[in-house]
Amino acid sequence: MSRLFRGAFIIWIVLRYGLDELVLSSFQKPWLHWIAKVVSVGRRDAPRGQRLREALERLGPVFVKFGQVLSTRRDLMPVDIADELARLQDQVPPFPAAQAVAIIERALRKPLAEIFVSFDQVPIASASIAQVHFAVIKDRSGRERDVAVKVLRPGMLSAIDSDLGLMRLMAAWLEGLSSDGKRLKPREVVAEFDKYLHDELDLIREASSAGQLRRNMEGLNMVMIPEMLWDFCTTEVLVMERMIGVPISQVERLRAAGVDIKKLARDGVTLFFTQVFRDGFFHADMHPGNIQVSLAPETFGRYISLDFGIVGTLTEVDKEYLAQNFVAFFRRDYKRVAELHIESGWVPASTRVDELEASVRSVCEPYFDRPLKEISLGVLLMRLFQVSRRFQVEIQPQLVLLQKTLLNIEGLGRELDPDLDLWATAKPFLEKWMLGQVGPQKFWEQLKSQAPHYAKLLPELPMLVNNYLKRGAQASGSDKLVAELLQEQKRTNRMLQWLIAMVIGFSVGLVVMQFVVRVRPF
Ligand SMILES: Nc1ncnc2c1ncn2[C@@H]1O[C@H](COP(=O)(O)OP(=O)(O)OP(=O)(O)O)[C@@H](O)[C@H]1O
């Protein structure tokens, strides 16, 4: 019943904010448009993006999150709507501390006083999914530590599941009833959102991602990631090291404290490309609220990264796609971009290279009419995806996530340093990575990964040959077979020598090639 009311409320909001323009444009029922006009009287003058944003805010946190996720799908949305949705903020009032305490005690199966030395009742932050309280805890060794405790908002799971059910229903209607609706792929978008939300609702998942990133980033000395206190982490509660820093948005404060802002901008890009091209595992929620900078003497000027609810992973194939395309783009080698798409099966084999090349050129060429340092890799990637879609390529969600994060990083980098040359910072990564893909290093790594297999086989080899020869001689009773086998062995030896010579030749060739690639400018 409540679902029925919720459904009716959603329809009312759609009509009240005049959103029929967006979703009903291809419906041919005049009476429906008439009702919509009457209900939305006085609201239609506002731009459509603004009306959509306000409607989502009225519909509550799940829809606000949905709008935020939609705003990143600029490949599907018109620019005015995407810009307006990007302004959505989840300003949700905090839930009472008593509720947070009850969730913590239930999740950790102990009274609060037995878990924490002290616990701040007033949350430091509150968002649609969770809220954060500061506390002091005694760890296993009895040491007191300042911690941040993230607690999932109560009732979120059921609210989400019910709203998602309605969204799925609406998406199916939209897709079935309207041709405009079909183009927006609403069911696919809702399914993606479903996965996104459920991932965010599992704090153990978030803690694991934080742990992985912390390990990956160790040794770079550019970013600090809070340590997770695993004994106190559950799906609903996460206890982690409390970080102390200045929000990245307070640039003047950072400058006044003596932080090298230009270096900070470069470090941000370096960190991101290391995560993408070296690790294939990246923080994908890089909005300024999740980034701080340390002013403590021993870690002065380092980033502090928070909130690991959304991370992206890339396969070797994804990385190759990105690296090769970026390089071909910056050489303005559109033919190569088109060939790459066909060679790797991203577009149907029947696609004409010249047609794809022309499309890529028409999208990208106007964009290159500016200094290289002003070019946004995020925008470039988005354009590439737009072209690819026209040629029936399904862009993988992790690449869309990457493109969105790239835009965030670039925005952040340029905010800090308007002269930041993104390409100059990114280029060494792509070169290094590409060399790693074809060079002797890769060959050596592959050889090393096979080593355990050969290590097991080699000691057994003389015995195996001996047994084989003996058995052969006994079975035939003649020396002829032994002679034949020896002959065969010699032939195999010769082949092996050839193979080794070829491998050496190939490696030398690769070294020369590397040298040529390194010398040839992009
Ligand atoms: N380990 C920490 N140390 C210090 N402060 C923290 C820590 N973790 C979170 N916070 C504070 O809590 C705020 C919210 O944390 P977080 O971003 O993880 O929550 P969220 O519910 O995912 O919020 P949002 O959806 O707005 O990103 C941070 O901006 C920061 O101010």
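1. Contact here means that the C-beta atoms of two residues, placed from the backbone, lie within 7 Å. The classes are as follows: Ala, Val, Leu, Ile, Met, Phe, Trp, Tyr, Cys and Pro count as nonpolar, Asp, Glu, Lys and Arg as charged, and the others, Gly among them, as polar. The axes of α4 (residues 48-59) and α5 (residues 61-71) come within 6 Å and cross at roughly 145 degrees. These axes are lines fitted to C-alpha atoms, for helices over the stretch in contact, with angles from 0 to 180 degrees between N-to-C directions. Helices (H or I, at least four residues) and strands (E, at least two) are DSSP runs, numbered from the N terminus.

2. A word on the model before going further. It is predicted, so to speak of local features requires pLDDT of at least 70, side-chain atom pairs count only at pLDDT 80 or more, and totals for chains, interfaces and linings use all residues. Residue numbers run from 1 along each chain as its sequence is written.

3. Now the domains. The assignment, which comes from an automatic or database source, gives domain 1 (2-90), domain 2 (92-184 + 199-242), domain 3 (245-437) and domain 4 (440-519). Between the C-alpha centres of domain 2 and domain 3 there are 28 Å. Their contact takes 13 residues from domain 2 and 17 residues from domain 3. On the domain 2 side, α12 (203-217) and β5 (223-224) are the elements that give two or more residues, and α12 provides the largest share, six residues. That side divides into seven nonpolar, four polar and two charged residues.

4. Which residues come nearest to the ligand? Of the 17 residues around the ligand, they are A125, A127, V132, A148 and D307. A residue is near a molecule if its C-beta atom, placed from the backbone, lies within 6 Å of it. The shell draws at least three residues from each of domain 2 and domain 3, while β3 (130-138) and β4 (144-152) each supply at least two. By class, the shell has 11 nonpolar, three polar and three charged residues.

5. Nine bridges join β3 to β4, and the two run antiparallel; strands pair if DSSP finds at least two bridges between them.

6. Three bridges join β3 to β1 (residues 116-119), where F119 stands opposite A135. Two bridges join β3 to β2 (residues 125-126), with S126 opposite Q131. β2 and β3 form a hairpin with three residues between them.

7. Please also look at the open sheet of four strands, with mixed pairing and the order β5-β10-β9-β7. Its edge strands are β5 and β7 (246-247), each pairing on one side only. β7 and β9 (residues 291-293) pair in the antiparallel sense over two bridges, and P247 stands opposite Q292 in β9.

8. Two backbone angles are worth checking. Most residues other than glycine have a negative phi. D307, however, has a positive phi near 65 degrees; D307 is found in the loop between β10 (303-305) and β11 (311-313). Is D307 buried or exposed? D307 counts as buried because 21 C-beta neighbours lie inside 10 Å. The cut-offs are 20 or more other C-beta atoms within 10 Å for buried, 12 or fewer for exposed, and in between for partly exposed, with C-beta atoms placed from the backbone. R332 is not a glycine either and has a positive phi of about 55 degrees. R332 lies in the loop between α15 (316-330) and α16 (334-343), and with 14 C-beta neighbours inside 10 Å, R332 counts as partly exposed.

9. Lastly, L399 sits in helix α19 (residues 397-416). L399 is partly exposed, since 18 other C-beta atoms lie within 10 Å. From C-alpha to C-alpha, L399 and T235 are 27 Å apart in space, and they are 164 residues apart in sequence.
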